Amino acid sequence: MMMNEAVKVLSLVSYKFLPPDMGGQKGIAFFNRYLAKLVNLICVTVEENTGHSENYLVKSIISNSKLRYVNLFYFFTIRKIIKDEKITHLIIEHPYYGWLGILLKWSCNIKLIVHSHNIESLRFKSMGKWWWGILWNYEKYTHLQAHHNFFIHADDRMYAIENFKLNPGKCTVVTYGFEHAAIPSAEEKKAARQTICDIYKVPPNGKILLFNGTLGYKPNLNAVDIILNEINPLLLAAEGFTYRIIICGNKLPVAYNGLTNYKDKHIIYAGFVDDINLFFKGADIFINPVMDGGGIKTKLVEALGYNCSVISTKSGAIGIPSEVAGNKMKIIEDNNWQHFAESIINLQTDVDTATTFFEHFYWGNIAGKAAGILNNI
């Protein structure tokens, strides 16, 4: 698709995403990066994103203060940018700046697009937040006011159509993506595995099982508890199965003591790692016992893209179509940890990720789909 000079997009991002480390940050950074190859794009964002070079203009003019979400003065600042830059489309990430997007839509005669990463209110409901219903109504109103809505997967799109009463023609699945158009070579995989084995003293015949995520986030921490208390005891009891579970991620609560009590139980806590891609390439199986939190689990997309086999709970695999993942991902019913552990032991990992995965999840294809929508509204 050629660059459409007539479409000028302002991407409004209300939190740090550069450089992208976590899945949500990558979801915005790579979406903008690939979209900017097809349309003119400017990003207005928070001061924390200052100083990072991208293939589009980044204006880090929003304060990092929590009060930024109710600061009315940003309306005047962004309105001036829209007029000066002749912006035609405004994309807001999540519904939180819905009020601002709606005001700018009305005053500047631009097209408003809401880029949803999950149904935010339901995510907070699953975490037990009492105010989720207030957010639900605000989220609904924001989506109803948009000219078009991008949803991260088909289930979220259908939920919004049915419960927010949205026009299906104004709702499109624009998923999280993967930056490469094909799996890494066998040589890359072998080298990555060897590096991990050297660093963490993994036996040559040992299976490398990987889990990663921000561990200050309750759904991920719950998954760690399940690994420690449900899955790993079953693996330890399996005769003749050699393995190591590597857990990557920052913000592990102090009470866990860096998982030092589990070192003799084949658990390795790597903490925050500079290059998580090395682990996706080198691991045999990515294990995903996550059962709540909403949205697509970006770590599954990364794992499959790097040709790492995946075993996931049913709830944790939402957003990854089975026909796209093929035999590279095995889905287990929630809470059936016996079956989960047995699948780890018996899984055949010599199957490659199918080309259909990249047709669906490659960022270039995703950005092309989004650009096509922008060109027609």
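The model is predicted: local features need pLDDT of at least 70, side-chain atom pairs count only at pLDDT 80 or more, and totals for chains, interfaces and linings use all residues. Residues are numbered from 1 along each chain as its sequence is written, and side-chain values use heavy atoms, without hydrogens or water.

**Aromatic rings.** Searching the whole structure gives 22 aromatic pairs. Rings of Phe, Tyr and Trp (its six-membered ring) pair when their centres lie within 6.5 Å; planes under 30 degrees apart are stacked, over 60 edge-to-face, and the rest tilted. Tyr 159 is partly exposed, at 22% relative accessible area. Next, select Phe 178, Phe 211, Phe 280, Phe 286, Tyr 306, Phe 357, Phe 358 and Phe 361, which form one aromatic cluster.

**Helix H3.** Move to residues 98-108, which make up H3 (helices are DSSP runs of H or I of at least four residues, strands runs of E of at least two, numbered from the N terminus). Of the 11 residues in H3, 8 are buried; among them are Trp 99, Leu 100, Ile 102 and Lys 105. Leu 103, also in H3, is partly exposed at 32% relative accessibility. Show Leu 103 with Trp 106 and Tyr 141: the three form a nonpolar surface patch with about 320 Å² of accessible area together. Patch residues have over 30% relative accessible area and no salt bridge, and nonpolar side chains (Val, Leu, Ile, Met, Phe, Trp, Tyr) are joined within 5 Å. Just after H3, stop at Asn 109, which has a positive phi of about 55 degrees.

**Strand S10.** Finish at Tyr 269, in strand S10 (residues 267-271). Tyr 269 is partly exposed, with a relative accessible area of 25%. Leaving aside residues up to four places away in sequence, Tyr 269 touches Leu 215, Ile 247, Gly 249, Asn 250, Leu 252, Gly 258 and Leu 259 (contact means heavy atoms within 4.5 Å). Zoom in on Gly 249: its backbone oxygen lies 2.7 Å from a polar atom of the Tyr 269 side chain. Last, draw a C-alpha to C-alpha distance from Tyr 269 to Ile 246: the two are 23 residues apart in sequence and 5.9 Å apart in space.

Key: Buried < 20%, exposed > 50% of the residue type's maximum accessible area, 1.4 Å probe, protein only. Polar contact = N/O pair within 3.5 Å; in protein donor to acceptor, adjacent residues only side chain to side chain. Patch = residues over 30% accessible without salt bridge, like charges linked within 9 Å, V, L, I, M, F, W, Y side chains within 5 Å. Areas by Shrake-Rupley, 256 points an atom, 1.4 Å probe, with all protein chains shown as cover. Salt bridge = Lys/Arg side-chain N within 4 Å of Asp/Glu carboxyl O.
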